Amino acid sequence: MALLDMIFPPRCAGCDRYGAVWCRSCATGLRRVPVGTLGGIPLVATGRLEGPLQQAIHAYKYRPRPQLAAALAEPLGGALLAAGLLLPALSFVPLHPRRLRERGFNQAERLATELSRRLGVPLLRGLARVRATPAQVGLSQAERRVNLQGAFQWTAAQAPPAGLGLVDDVCTTGATLQAAAQAVAESGGSIGAFLVLAVAQTLPAVAVT
Ligand SMILES: [Zn+2]
């Protein structure tokens, strides 16, 4: 155990117990969700946005605890392997530069970096948020779609590949992921799977497998 861990023992981001940043009990308590689809693209998630997973994601993003990325990426990598999907490369949903400055890190990028290392596939930093969008909270699905129109662009010199895995932290209505997928498609690539830590309880698309 590292000295700092003895002086400040880590607390689980899911249940607040001392011992680990994400404890065994929270890890084994995850309820797997079946692979869903979003606009015809497979949607792989670690679980529903509820309980300890919801607590941990909140802590990861807002407290913030970027060091949780490794612990949270592990079950997501497992869910992807269980789904049997082979992805040639990964990318992530970008934050607008202003939001990135405020938060200090992009939660989706950290996850994608961890996943890329675990799975041994390259990480492509091609998507950019070219337009700041008002917060999505409280907007309907249709309003979100309008809100996100033209928000993303593939800006890397190299075109995106076919079958790219796109990582984000949470899928609430799917509008963000679909807008990002649209930008990838407009540059000649395609998304092979969306990979998220959690899907909102209310997202109906995921119930259909
Ligand atoms: Zn726990």
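I take helices (H or I, at least four residues) and strands (E, at least two) as DSSP runs, numbered from the N terminus. The model is predicted, so I keep to its limits: local features need pLDDT of at least 70, side-chain atom pairs count only at pLDDT 80 or more, and totals for chains, interfaces and linings use all residues. Residues are numbered from 1 along each chain as its sequence is written.

**Entry: helix α8**

I began with α8, which covers residues 175–186. I found 12 residues in α8 and a reach of 16 Å from the first C-alpha to the last, close to the 16 Å expected at 1.5 Å a residue. The expected span is 1.5 Å times one less than the number of residues in the helix.

Next I looked up burial. I call a residue buried if 20 or more other C-beta atoms lie within 10 Å of its own, exposed if 12 or fewer, and partly exposed in between, with C-beta atoms placed from the backbone. In α8 the buried residues are Ala175, Thr176, Leu177, Ala179, Ala180, Ala181, Ala183 and Val184. After α8 I noted Gly188, whose phi is positive, near 95°.

I then picked Ala183 out of α8. Ala183 counts as buried because 22 other C-beta atoms lie within 10 Å. For contacts I require the C-beta atoms of two residues, placed from the backbone, to lie within 7 Å. Leaving aside neighbours within four places in sequence, I listed Leu127, Phe152, Gln153 and Trp154 as contacts of Ala183. I also checked Ala183 against His96: they are 87 residues apart in sequence and 15 Å apart in space, C-alpha to C-alpha.

**Entry: helix α4**

I moved on to α4, residues 69–83. This helix has 15 residues and reaches 21 Å from its first C-alpha to its last, close to the 21 Å expected at 1.5 Å a residue. I marked Ala69, Ala71, Leu72, Ala73, Pro75, Leu76, Ala79 and Leu80 as buried in α4. What covers them? I found that the cover includes α2 (24–28), β2 (41–48), α3 (51–62), α6 (107–119) and β7 (191–199). Gly84 follows α4, and its phi is positive, near 70°.

**Entry: α4 against α6**

Two packed helices are described by the angle between their axes and the distance between the axes. My axes are lines fitted to C-alpha atoms, for helices over the stretch in contact, and angles run from 0 to 180 degrees between N-to-C directions. α4 and α6 pack at about 55°, with their axes 9 Å apart. That angle makes α4 oblique to α6. Here angles under 35 degrees count as roughly parallel, over 145 as roughly antiparallel, 65 to 115 as roughly perpendicular and the rest as oblique.

From α4, the contact is made by Ala69, Ala70, Leu72, Ala73, Leu76 and Gly77; from α6, by Arg110, Leu111, Glu114, Leu115, Arg118 and Leu119. I sorted the residues of this contact into 8 nonpolar, 1 polar and 3 charged. In that sorting, Ala, Val, Leu, Ile, Met, Phe, Trp, Tyr, Cys and Pro count as nonpolar, Asp, Glu, Lys and Arg as charged, and the others, Gly among them, as polar.

Is Glu114 buried or exposed? Glu114 counts as buried, because it has 20 C-beta neighbours inside 10 Å. Beyond four places in sequence, Glu114 is in contact with Ala69, Ala70 and Ala73.

**Entry: loops and backbone**

Most residues other than glycine have a negative phi, and most peptide bonds are trans. I looked for exceptions. The peptide bond from Arg63 to Pro64 is cis, with omega near -25°. I placed Pro64 in the loop between α3 and α4. Asp16 has a positive phi, near 75°, though it is not a glycine.

Asp16 sits in the loop between α1 (3–7) and α2. With 11 C-beta neighbours inside 10 Å, Asp16 counts as exposed. Val21 is placed in the loop between α1 and α2. I counted 18 other C-beta atoms within 10 Å of Val21, so Val21 is partly exposed. Not counting residues up to four places away in sequence, Val21 touches Pro10, Cys12, Ala13, Gln67, Leu68 and Ala71. Val21 and Arg11 are 10 residues apart along the chain, with their C-alpha atoms separated by 5.4 Å.

Last, I looked up Gln158, in the loop between β5 (152–154) and β6 (164–171). Gln158 is exposed, because it has 10 other C-beta atoms within 10 Å.
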